[in-house]
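Open the model in your viewer and keep the selection tool at hand.

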Amino acid sequence: MGVKRTVDPEKDFAPPTFTIKELRDSVPKHCFQRDTLRSFTYVVYDLCGIAMLAFGAWHIQMLPMYLRAPAWALYWICQGVVCTGIWVIAHECGHGAFSANRTINNVTGWVLHSALLVPYYSWRHSHSQHHKNTNNMNRDEVFVPRTKSFRGLQGKPSTPAWIEDSVFEDSPLYNLAMVLGQSLFGWPLYLYRNASGPKYARGASHFNPNSVLFRPEQFWSIVISDIGLALTACVLVAAGIAFSPAAVLFYYGIPYLMVNFWLVTITYLQHTDAGVPHYNDDGWSFVRGALCTVDRSYGWILNVCLHHIQDTHVAHHLFSQMPHYHATEATKHLKKKLGKYYNYDGTNFLVSLYKNRKYCQFVEDTGSVLFYRNTSAPVTPVS
């Protein structure tokens, strides 16, 4: 038996008509001020957290045997969260939100992202296009919905994604496996072959300076990104020789996978939801696209450790140069201004991750405003 939401997000939907100036004027001016020193305090905070967790892990071998496995699991989870916080700070550098000084932004972002095996300039270039074209079916750079024809479902009935059946029906093990695969390996696959990207760049690599993702004048910045990754790889190999490959895996490798989990989970849920539309060119505008993002709370501890990237994303897409430490205040004002156009979902993020992966399967091939659809027929994902 199907279970329906009480509110149809598509019924009488009208695209918002706000101007960016109107929305900016609703936010206090001080929220747009960048403080370099204050930004660096968050870097120090996160680095101290990484060091303390690593120091604690160094002593796991002193625990009784039966406590070592849960202690390592706790370390991997916590270290993954703290390192994701570092990723968020580097992400702010890419937007120019860390400092008003461009050099400080780029040097800091390159160092932090390289340490996490992220090609800083490569990601910055493609991520900028994502912000400029959010939820545009033809120009967005990430989490672009597949169309019904691309899925090979022509002629089959479409069901709005907000109409849900039991989460235990329709091959739950398959959907769970797809969620885990996407969450753990989606990030490196995106960097390597632009998985979930647009048609024009499908298969393009963020590591290739000649990739279709980049302009010719960006060639050397991509090379610099690759050099950063090579340096980090050298450090990891040296650590593996000095200690052991297992030590590198336990202290760095598995937390790296946890970072992948958080990055894909956060970004996927920010841009994939049955209640928000995508637009074709004739219906899209910058503000409309930016307002198709969803704020979610993961609990106050994770909100703080992840620098509120998940519960202030609407503000971030409207004003990407706003520092994260002002975004919570800005969100309160934007929420009042936007009214029904402010998207927030308080559902447990793990439940949302599973449901969205199951129900948000495709959009129709035509139309100015497109909401997610699904079908009861078996769907074979196409990468």
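Which residues in H7 are buried? This is a predicted model, where local features need pLDDT of at least 70, side-chain atom pairs count only at pLDDT 80 or more, and totals for chains, interfaces and linings use all residues. Residues are numbered from 1 along each chain as its sequence is written, and side-chain values use heavy atoms, with hydrogens and water left out.

Select helix H7, residues 219–242. Helices here are DSSP runs (H or I, at least four residues), numbered from the N terminus. Buried in H7 are Ser221, Ile222, Val223, Ser225, Gly228, Leu229, Thr232 and Gly240. Buried means under 20% relative accessible area (1.4 Å probe, protein chains only). Now show helices H4 (102–115), H5 (120–132) and H8 (245–271), which are among the cover over these residues.

Next, the largest nonpolar core, with 37 residues. Such a core joins buried Ala, Val, Leu, Ile, Met, Phe, Trp, Tyr and Cys residues through side-chain atoms within 4.5 Å. Pick Trp87, Trp187, Trp262, Tyr298 and Leu306, which touch the most other members. H8 gives the most to this core: nine residues.

Centre on Trp187. Beyond four places in sequence, its contacts (heavy atoms within 4.5 Å) include Trp87, Trp123, Tyr256 and Leu263. A second, separate core has 19 residues, among them Met322 and Tyr342.

Finish on the surface. Tyr45, Trp300, Ile301 and Val304 form a nonpolar patch. Helix H10 (residues 300–305) gives the most to the patch, three residues. Tyr45 lies in helix H2 (residues 36–58).

Terms used:
Patch = residues over 30% accessible without salt bridge, like charges linked within 9 Å, V, L, I, M, F, W, Y side chains within 5 Å. Areas by Shrake-Rupley, 256 points an atom, 1.4 Å probe, with all protein chains shown as cover. Salt bridge = Lys/Arg side-chain N within 4 Å of Asp/Glu carboxyl O. Helix = DSSP H or I, 4+ residues; strand = E, 2+ residues; numbered from the N terminus. Expected span 1.5 Å × (residues − 1). Buried < 20%, exposed > 50% of the residue type's maximum accessible area, 1.4 Å probe, protein only.
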